[in-house]
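Reader: I have a structure to go through and have not looked at it before. Can we take it piece by piece?
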Amino acid sequence: MTATSLMTEQKHPDEATRDLDWWRGAVIYQIYPRSYQDQNGDGVGDLVGITSRLDYVADLGVDAIWLSPVFTSPMKDFGYDVSNYRDIDPSFGTLEDFDRLVQKAHSLGLKVIIDQVISHSSDKHAWFSESRQSRTNAKSDWYVWADPRPDGTPPNNWLSIFGGSAWSWDSRRMQYYQHNFLVSQPDLNFHNPEVQDALLGEMRFWLERGVDGFRLDTVNFYFCSLGFEDNPVVRPEDFNASTAPAVNPYNFQEHIYDKSRPENLAFLTRLRALMDEYPGTTTVGEIGDSQHQLELMAQYTSGDDHLHMAYTFDYLGGEFSAEHFKTSIAATEGQAPDGWICLAFSNHDVVRHVSRWAVHGQEAAFTRLAATLILAMRGSVCLYQGEELGLKEAELSFADLVDPYGIEFWPEFKGRDGCRTPMVWQAHVRNGAFSTAERTWLPVPAEHLTHAVDTQHGVEGSVLEFYRSLLAFRKAHPALAKGKITLLDSTGDILAFTREEGEDRLLCVFNMGNSAAEFAIPEGLAPHHAECPGVIAAPINGELDLEPFGAYIGILS
């Protein structure tokens, strides 16, 4: 079958049998391509390797995969610096390899979501190479350029998340260009309609190849104020280290001029119009704004002319406590009642949640509680590769680091390499069967090998089998996928809520503490056994006694 016929087959499935709303409540499995499976033995994961492991992903019971970027890139930020939006980086394979991956995923009932990194490009992209040549060329206004202050310093106080000023000098134009991230990641100028048209065209290219949606990197960074005003100092009571580590001076500013601008909504409307041309496709946006993330999520996902869903850093940082989760759930429901959140506890940017939140000595109980909780909350869910194995953050030496973010802020912040180490498939095979290479791009942690897939597959009580059974339980209950959520009064470490969709009504109670706790079931609720995996507690005289990090889900008649 040719690549062209593959694309045709993928683009025209039977509309009558498709759930165009599949994304609402879907469970999405994030794959970090460099670290999933290396097929050609060079120490870096690739598309052929991912394709060979898709049966495993389908067997988990998830609905979709999300691939971190696989586009052509100099890899200064490991794919989040794109130099060609319409081709695959040779380290990952070819366009034909990508088409085969999509075909295999679809044959297994898996949707395919790919990253789109359009707030910035690589400085090696042809657009930037042309833009920086002069102030008068055809693409001179495709990036954010600004004159220096009279003393030659940058135009304002804007900072890069990756350290230092957000401005870099270019001697050809005698101007500064903006970069919210690395110096090698110049920001595109979304105020220019030609830039918007070009980027939407790049996205259409992948829709035509049969992808089912996009994860939109840094979706609130697309526009900045062309007045180039200084950002104000953040108020002490608003200081928040959820989107950047506490040691990063980026947190000292309230970023009202360099991102999260109102003009973004009009572009998202254009983006949604493109997606609507391909029924059944979806978008999930990453919102990084410590002070305004819920407000932005409400704006970006409300109605039917913006994003389908978005995620914030509420649960990718913060604390694991009933109070924090109550506050976040209530704020989401109150501020974005018409929006749709995509929930995640771990991903490629943050410390794995077992290391971030678990109490020492109770990691096993915590791991199961966290899985039950995220799959019971209202929203779609992203699970990060290895999460289903109970993996912890890898401890790496400075010599092993490749992440520029970690290298910049070491040792107080160790960067993102610890969550990006290779997937472990077989405990007693070289590199966990990820690769046959002498040296992999990041080391395979010895402590991860004891959690390898082959040590857990088919093993009753393993974390992997727990995730599989829990995902099947979620799929059997419409209330967990699309139902409404209602918080219940609770005290201490108890988080309690109901989920309801039609006749399916569930009571969900979680002890988020490391001591036993009790919950008095509200009058009028009479739950009975739901056969939820891992649930031991049962109502006795209107009360639930929950063990440390214990959960209860019961059916309400």
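Reader: How many bridges pair β14 with strand β15, and in which sense?
Author: This is a predicted model. In it, β14 and β15 (residues 494–501) are joined by 4 bridges in the antiparallel sense. Within that pairing, threonine 498 of β15 is the bridge partner of threonine 486.

Reader: What is the strand order in that sheet?
Author: The order is β14-β15-β16-β20-β18, an open sheet of 5 strands with antiparallel pairing.

Reader: Which strands stand at the edges?
Author: β14 (484–487) and β18 (527–529) do. Each has a single partner strand, so one side of each has no neighbour in the sheet. From one strand to the next, the twist averages 35°.

Reader: Which helix packs on the sheet?
Author: Helix α11 (residues 363–374), which touches β15, β16 (504–511) and β20 (551–556). The direction of α11 makes about 145° with that of β16.

Reader: Changing topic to strand β1. Is β1 mostly covered or uncovered?
Author: Mostly covered: 5 of the 5 residues in β1 (residues 27–31) are buried.

Reader: Which of them point which way?
Author: Val27, Tyr29 and Ile31 point one way, while Ile28 and Gln30 point the other way. In a regular strand, side chains alternate between the two faces of the sheet.

Reader: And which strands is β1 joined to by bridges?
Author: One is β13 (residues 380–384), which runs parallel to β1 and is joined to it by 4 bridges. There, valine 27 stands opposite valine 381. Another is β2 (residues 64–67), also parallel, with 4 bridges to β1. Isoleucine 65 in β2 is the bridge partner of tyrosine 29.

How values were computed
Residues numbered from 1 in each chain as written. Predicted model: local features only at pLDDT ≥ 70, side-chain atom pairs only at ≥ 80, totals over all residues. Heavy atoms only, no water. Buried < 20%, exposed > 50% of the residue type's maximum accessible area, 1.4 Å probe, protein only. Helix = DSSP H or I, 4+ residues; strand = E, 2+ residues; numbered from the N terminus. Pairing = 2+ DSSP bridges. Axes fitted to C-alpha atoms, helices over the stretch in contact; angles between N-to-C directions. Contact = heavy atoms within 4.5 Å.
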